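User: I have a model open and would like to talk through how its parts pack together. Could we start with the aromatic side chains?
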Amino acid sequence: MPQKPIVYHIPVCPFSQRLEIMLALRGKEDAVEFRVVDITKPRDPALLEKTRGTTALPVLECIDGTILKESLVILQYLDEVLDGGPLRRRAPKEHAIEQMLIGREGAFTTAGYVFVMNQDRAARDDHAEKLLSIYRDMNDFLAHWAPGGPFLFDTFGLAETVFTPMFVRFHFLDYYEGFALPEGPDYDRVRVWRAACLEHPAAQQVSKEEVVKLYYDYALGAGNGALVAGRKVSSFAFEPHWKDRPWPPQDKYGGSASDAELGLSG
């Protein structure tokens, strides 16, 4: 059995970053062992046995060998079992409020990923409007429950931990789709919240450059390490390191750059 809980993860994965942020906020970075999984290669049979055949990451292996799945489940489990006060709000009503906001995360995440993976230029505006409608809903929620801001409560908390990795990943929409929040009161409160989340010291595990470079294949419609037609190397490959690669072309609708143009071949 492991000496401490093990998280099997993809380093740039937003669902894993949630755990990293929570551990940083709690001062518990060493309480969990992170083991990297290369999604460009077939899963290790030993890991598949642990997960009963599922490949979604992250997964948590508890000290007693129990396997837990789904990042929100893992996040809230670790927040409860680690020594010290939890990140979640202790007052039941405040916890209910943060859970109402967290309940919007699934639609938000889906809209952003569907948008970046869209390959139909004519559908771009529809995808942008879908995401903007969710931003407007979150803006209304925050303006009602936390008009003073910048966070939902007095500090960066559980809701911010859940959403911030998605704000980071959606840099790929800024880069590949030219997406930006419009000016005006429909977005002003959520804009302040997003900026405060992105700037928080506990949420700096992943940079815009890393996201843009590694998620290039997502922008071409190929997710989770899948190969784009005509390419031999995934943008999620560990080597060469993303810092040593050029920035990808921004025109995702103009066809794929070659492995050589992406710095993925010798």
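User: How many aromatic pairs does the structure hold?

Analyst: This is a predicted model, and the structure holds 23 aromatic pairs. One of them is formed by Phe108 and Tyr135, whose rings sit edge-to-face, 5.1 Å centre to centre and with 85° between the planes.

User: Which helices do Phe108 and Tyr135 lie in?

Analyst: Phe108 belongs to helix α5 and Tyr135 to helix α6, so the pair ties together parts that are 27 residues apart in sequence.

User: And are Phe108 and Tyr135 buried or exposed?

Analyst: Phe108 is buried, and Tyr135 is buried as well. Another edge-to-face pair is made by Phe151 and Phe156, with 5.7 Å from centre to centre and 70° between the planes.

User: What is the relative accessible area of Phe151, and what is that of Phe156?

Analyst: For Phe151 the relative accessible area is 12%, and for Phe156 the value is 4%. The cut-off for buried is under 20%, so Phe151 counts as buried, and Phe156 likewise counts as buried.

User: Back to the helices, then. At what angle do the axes of α5 and α6 cross?

Analyst: The axes of α5, which covers residues 105-117, and α6, which covers residues 124-145, cross at roughly 160° and come within 9 Å of each other. Angles over 145 degrees count as roughly antiparallel, which means that α5 is roughly antiparallel to α6. The crossing of these two helices is left-handed.

User: Which residues of α5 and α6 meet there?

Analyst: From α5, the residues are Ala107, Phe108, Ala111, Gly112, Val114 and Phe115, and they meet Arg124, His127, Ala128, Lys130, Leu131, Ile134, Tyr135 and Met138 of α6.

User: New topic: what about α1 and α5, how do their axes cross?

Analyst: Helix α1, made up of residues 14-26, has an axis that comes within 13 Å of the axis of α5, and the two cross at roughly 135°. That angle makes α1 oblique to α5.

User: Which residues make the contact of α1 with α5?

Analyst: On the α1 side they are Pro14, Phe15 and Arg18, while α5 contributes Glu105, Thr109 and Tyr113.

User: How do the residues of that contact divide into nonpolar, polar and charged?

Analyst: The contact of α1 with α5 has 3 nonpolar, 1 polar and 2 charged residues.

Conventions: Residues numbered from 1 in each chain as written. Predicted model: local features only at pLDDT ≥ 70, side-chain atom pairs only at ≥ 80, totals over all residues. Heavy atoms only, no water. Axes fitted to C-alpha atoms, helices over the stretch in contact; angles between N-to-C directions. Helix = DSSP H or I, 4+ residues; strand = E, 2+ residues; numbered from the N terminus. Parallel < 35°, antiparallel > 145°, perpendicular 65-115°, else oblique. Left-handed = near helix turned anticlockwise from the far one by under 90°. Contact = heavy atoms within 4.5 Å. Phe/Tyr/Trp six-rings, centres within 6.5 Å; stacked < 30°, edge-to-face > 60°. Buried < 20%, exposed > 50% of the residue type's maximum accessible area, 1.4 Å probe, protein only. Nonpolar A, V, L, I, M, F, W, Y, C, P; charged D, E, K, R; others polar.
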